[in-house]
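Please look over the sequence and the structure first, then read the notes by topic.

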Amino acid sequence: MRTPDHDALIETITVLSRDLATALGQLTDAPAPVQARARAVLSTNLATYAETVQDKYLEQDIVYAVGK
């Protein structure tokens, strides 16, 4: 099995998270049910990531980033 290119993976995460932030920003004026669906999708995906990689710091990182 080959070793993943970590730099390329980080670049992919950077681009995707920037695109995610842009898409979420476009939901600012969306109806509450639409915003709730977006939060549910995001929460589910983050929880799946945290569980899959056993990232015990993810919640702390998010709280810190949002509080900045």
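How many nonpolar, polar and charged residues does the lining of the second largest pocket have? By class, that lining has seven nonpolar residues, one polar residue and one charged residue. The model is a predicted one.

**Overall form**

- The protein chain has three helices and zero strands.
- Read from the N terminus, the order of its elements is α-α-α.
- The radius of gyration of the protein chain is 14 Å, whereas a compact globule of 68 residues would have one near 11 Å.
- Along the principal axes, the C-alpha atoms of the protein chain fill a box of roughly 45 × 25 × 25 Å.
- Of the 68 residues, 6% count as buried, where buried means under 20% relative accessible area.

**Helices α1 and α2**

- Helix α1 covers residues 6-25.
- The 20 residues of α1 should span 28 Å at 1.5 Å a residue, and this agrees with its end C-alpha atoms, which are 28 Å apart.
- At the start of α1, a side-chain oxygen of Asp5 comes to within 3.2 Å of the backbone nitrogen of Asp7.
- Helix α2 covers residues 32-53.
- With 22 residues, α2 reaches 32 Å from its first C-alpha to its last, close to the 32 Å expected at 1.5 Å a residue.

**The residue after α2**

- Gln54 follows α2 and lies in the loop between α2 and α3.
- Gln54 is not a glycine, yet its phi is positive, at about 55 degrees.
- Most residues other than glycine have a negative phi.
- Gln54 counts as exposed because its relative accessibility is 62%, and the cut-off for exposed is over 50%.

**Largest pocket**

- The largest pocket has a volume of about 380 Å³.
- Its lining consists of Thr12, Ile13, Leu16, Ser17, Leu20, Leu42, Asn45, Leu46 and Tyr49.
- Both α1 and α2 supply at least two residues of this lining.
- The most comes from α1, which gives five residues to the lining of the largest pocket.
- Six residues of the lining of the largest pocket are nonpolar and three are polar, with no charged residues.

**Second largest pocket**

- The second largest pocket has a volume of about 210 Å³.
- The residues that line the second largest pocket are Ser43, Leu46, Ala47, Ala50, Leu58, Glu59, Ile62, Ala65 and Val66.
- Two or more residues of this lining come from each of α2 and α3, the latter covering residues 58-67.
- The element that gives the most to the lining of the second largest pocket is α3, with five residues.
- Leu46 is listed in the lining of the largest pocket and also in that of the second largest pocket.

Notes: Residues numbered from 1 in each chain as written. Predicted model: local features only at pLDDT ≥ 70, side-chain atom pairs only at ≥ 80, totals over all residues. Heavy atoms only, no water. 1 Å grid on protein atoms, 1.4 Å probe; cavity = no way out; pocket = protein on both sides within 12 Å on 5 of 7 lines; lining within 4 Å. Points joined across faces, edges and corners; volume = space filled by probe spheres on them. Helix = DSSP H or I, 4+ residues; strand = E, 2+ residues; numbered from the N terminus. Nonpolar A, V, L, I, M, F, W, Y, C, P; charged D, E, K, R; others polar. Expected span 1.5 Å × (residues − 1). Polar contact = N/O pair within 3.5 Å; in protein donor to acceptor, adjacent residues only side chain to side chain. Rg over C-alpha atoms; globule rule 2.2 N^0.38 Å. Buried < 20%, exposed > 50% of the residue type's maximum accessible area, 1.4 Å probe, protein only.
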